[in-house]
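Here is a short tour of aromatic rings and their neighbours. Have the structure open as you read along.

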Amino acid sequence: MTTLTQNAQAAYEAWHERLDVDVESDAPWHRLVKQHLEDGRDLSGRRVLEIGCGRGGFACWLASRTDGPIEVVAADFAESAVTKGAAFARSRGLGKIKWEVHDIQAIDHPDASFDTVVSCETVEHVPDPRRAIQELARVLRPGGRLFLTTPNYMGTLGLYRGYMRLTGRRYTEEGQPINNFMLLPRVRSWVAQTGLRVAAVDAVGHYLPWPGRPPIEVPALNDPRPVMRWLGLHSLVVGEKK
């Protein structure tokens, strides 16, 4: 493990220690995945991996679906996150979740292990996002689908990141140690380069940076979706293994 990775792991352990479980799993990226998941195709009777599961709220949502997955493997880089997720799952009586600690850049599962793979807001926080996406494709079974969400800095917040860099200030996402500059067309290309067929591309979330306060969302800019999706901050790429 490199010094950079060791430092990042320590930071993520502390980051998850101070945050609660996302009980409702209602973040914009979770809503995007839910909109594109198909119960019969992606969940029912399937073996599902969520990697970068954080404190486990969305993994518990997956496991709680009626006629849902036969097993959910919930994995994260931070043991503190997985511990919180496992405790929350026990409190909800959800026994078909396996909680594991993995580096998304080197997933400790054989090729073609999962019918469905979900990764939300994770690859942008590792040293090599492209390698992480290759790993997600590797563990996916033929006919299975990958649901990958990342920030997309093609809109106003990307310009804001550039402005901060010009003024000598470092941009972070709530203090996370690694924050790669992600662009939706590039992420789509990386998914396609693994050999997956890109089945869907979507994005929402248009914001106006405002001094002294959080960015202001402008929901009206989500439509027309086919055009505006390329500028939305919260992006999703769905890839299908041939």
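Which residue lies over the face of Tyr 153? Arg 161 does, at 4.7 Å from the ring centre. Keep in mind that this is a predicted model.

## Around Tyr 153

Tyr 153 also has an aromatic partner: with Phe 181 it makes a stacked pair, the centres 5.5 Å from each other and the planes 20° apart. This pair brings together distant parts of the chain, as its two members are 28 residues apart. Tyr 153 belongs to the loop between strand 5 (140-151) and helix 7 (156-166), while Phe 181 sits in the loop between helix 7 and helix 8 (184-193).

The two partners can be told apart by their accessibility. Tyr 153 has a relative accessible area of 4%, so it is buried, whereas Phe 181, at 37%, is partly exposed. Ring pairs also bring in Tyr 171, giving a cluster of Tyr 153, Tyr 171 and Phe 181.

In total, the structure has four aromatic pairs. One of them joins Phe 58 and Trp 61, and it counts as stacked because the planes meet at 10°, under the 30 degrees cut-off, with ring centres 5.4 Å apart.

How accessible is Phe 58? Its relative accessible area is 1%, so Phe 58 is buried.

Methods. Residues numbered from 1 in each chain as written. Predicted model: local features only at pLDDT ≥ 70, side-chain atom pairs only at ≥ 80, totals over all residues. Heavy atoms only, no water. Phe/Tyr/Trp six-rings, centres within 6.5 Å; stacked < 30°, edge-to-face > 60°. Buried < 20%, exposed > 50% of the residue type's maximum accessible area, 1.4 Å probe, protein only. Helix = DSSP H or I, 4+ residues; strand = E, 2+ residues; numbered from the N terminus. Lys NZ or Arg CZ within 6 Å of the ring centre and 35° of its normal.
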